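Here are my notes on the model, point by point. Please read them with the structure open.

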Amino acid sequence: MAKSKPAESAVIVSAESEATPAYVAVDIQDALIEARDLSIWYSKKQAIHKVNLKIPRHQVTAIIGPSGCGKSTVLRSINRMNDLIPYCRTQGQMIVDGEDAYGPNVDPVLLRRKIGLIFQKPNPFPKNVYENIAFGVKLHYQATKEEIDGVVTSALQQANLWDEVSGRMDESALSLSGGQQQRLCIARALAVEPDILLMDEPCSALDPVATAKIEDLIFELKKDMTIVIVTHNMQQAARVADYTAFMYLGRLVEFDRTRDLFERPHEELTENYITGRFG
Amino acid sequence: MTTKTDQRKALAKGLAKLNENMLTLAELSELAIRKAVDCFIRLDDQGAREIFTLDQEIYALQLEIERSCVDLIALHAPVARDLRGITTSLKITTDLDRIGRYAKDLGEITLQFRGRNVAPASEIVKIREMANRTIDMVDKAIDAFVKRDAESVRQIAEDDDVVDRLHDEVFAEIVRLMSNRTMEIETGARYILVNRYLERIADHAVNVGMRVVYMVTGDWLPRVRAADRAKHYPKDPENP
């Protein structure tokens, strides 16, 4: 399966038992997130098979793969959003900042404060623009009105939305355009100062202009946080991500610097997927 | 609305057409240089004129290939082996076109020699050897492209060192012949040009070879300066 490519820099990571070895071209030294032998079942169906994946700090990592390959499942396991799905069972470890997210003393609510999640479709609360941002702040912190005002302004500025909504704070968030709603959701996540931002196909419902704004935002945000993005759009992964993981049938197939993965993938399966030969 | 499969089919079709054009271009360039050397050695003016037509065909095809590469990149945003195939084609069309251009230049000198009754090139023995080695290199590089064979051209830069040394030797021989008045200055000057053309063609063959390695494997071969490689060869005691 593997083609000729110098393998000096490559580390073949394989689980002790039956998991298929993934081709991991770079060993991430400063990993903020690390899946260790992560397996996930929906009822009796195993969706994720012993995935070992290190996600570098303050970088953008894309997870790509055909529909149903498990990329969203892996993403959602990082902040334990899968807990909310009945019959979903997780095995292995998801180390976030040195601690297992599935450890006994972990409060998922606090975990999710550190890890924001942006969904495919913008999902603002049916409240006004201001309240959308203020909600999470009030939930997690005891803050004065002035402090909350400051956080709302700074989150909207950080999400490059302030100039467009500063005069519309009392309007319903649902009156904003799709692209603005998505940036509002990003601002809402940023307001509680997360370390990690997970994005599950954040642009699939947006037009190219709104998509470009989100992509620009990703570039700015990665200075301060670690971003993991699941995308169906290969060009988007190539544009925004520093590292890319390719998954297939619940397994990690290849992990590499984005540039290398798209220029000279190691695995035939990766090559065939990214060149559109299947999927 | 076009589906992903439709897009893929369009890309596959475009890539197949590109490959077909590249094979034709490669064949034409190799034919041009073979014919040019043959005509030069035999002072065949009729054959030399045919090279001019070949050169025009090569140039026209090069333009067509360039356009199709730009279209494929713009329309399909190719990646991996598809992208490497396209960028390699874009780069080596220039090399193949330059080979065709040097063949034409060689044809022009053939016509000038023919008009002035200059003795055939066999006088300078090593220029034939140089021509043969250069053609071999072009053949090797093109064959590697056609067969997508990276291994056969990994060492092609070393073949070029032999041609470079021959270039120096031929140059010295021409200068010697001109100095002792065995050869007219104008004839010698044109031989020096021929010598230079052949040496440049070999350089283009190296470029093609290195690009083929990248296209097939994704590896960029390190570019070692000829001067650095030359250090491995003993210097000519008569011409230090």
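1. Which hand does the crossing of α4(A) and α6(A) have? The crossing is right-handed (a crossing is left-handed if the near helix is turned anticlockwise from the far one by less than a right angle, and right-handed if clockwise). Helices here are DSSP runs of H or I with at least four residues, and strands are runs of E with at least two, numbered from the N terminus.

2. This is a predicted model, in which local features need pLDDT of at least 70, side-chain atom pairs count only at pLDDT 80 or more, and totals for chains, interfaces and linings use all residues. Residues are numbered from 1 along each chain as its sequence is written, while chains are lettered from A and ligands numbered from 1 in the order in which they are written.

3. α4 (residues 145–158) and α6 (residues 178–191) of chain A pack at about 130°, their axes 8 Å apart (axes are lines fitted to C-alpha atoms, for helices over the stretch in contact, and angles run from 0 to 180 degrees between N-to-C directions). α4(A) is therefore oblique to α6(A) (under 35 degrees is roughly parallel, over 145 roughly antiparallel, 65 to 115 roughly perpendicular, the rest oblique).

4. On α4(A), A:V151, A:V152, A:A155, A:L156 and A:Q158 meet A:A187, A:L190 and A:A191 of α6(A) (contact: C-beta atoms, placed from the backbone, within 7 Å).

5. Strands β3 (residues 31–42) and β6 (residues 88–96) of chain A run antiparallel, joined by eight bridges (strands pair if DSSP finds at least two bridges between them). A:A35 has A:M94 as its bridge partner in β6(A).

Notes:
Contact = placed C-beta atoms within 7 Å.
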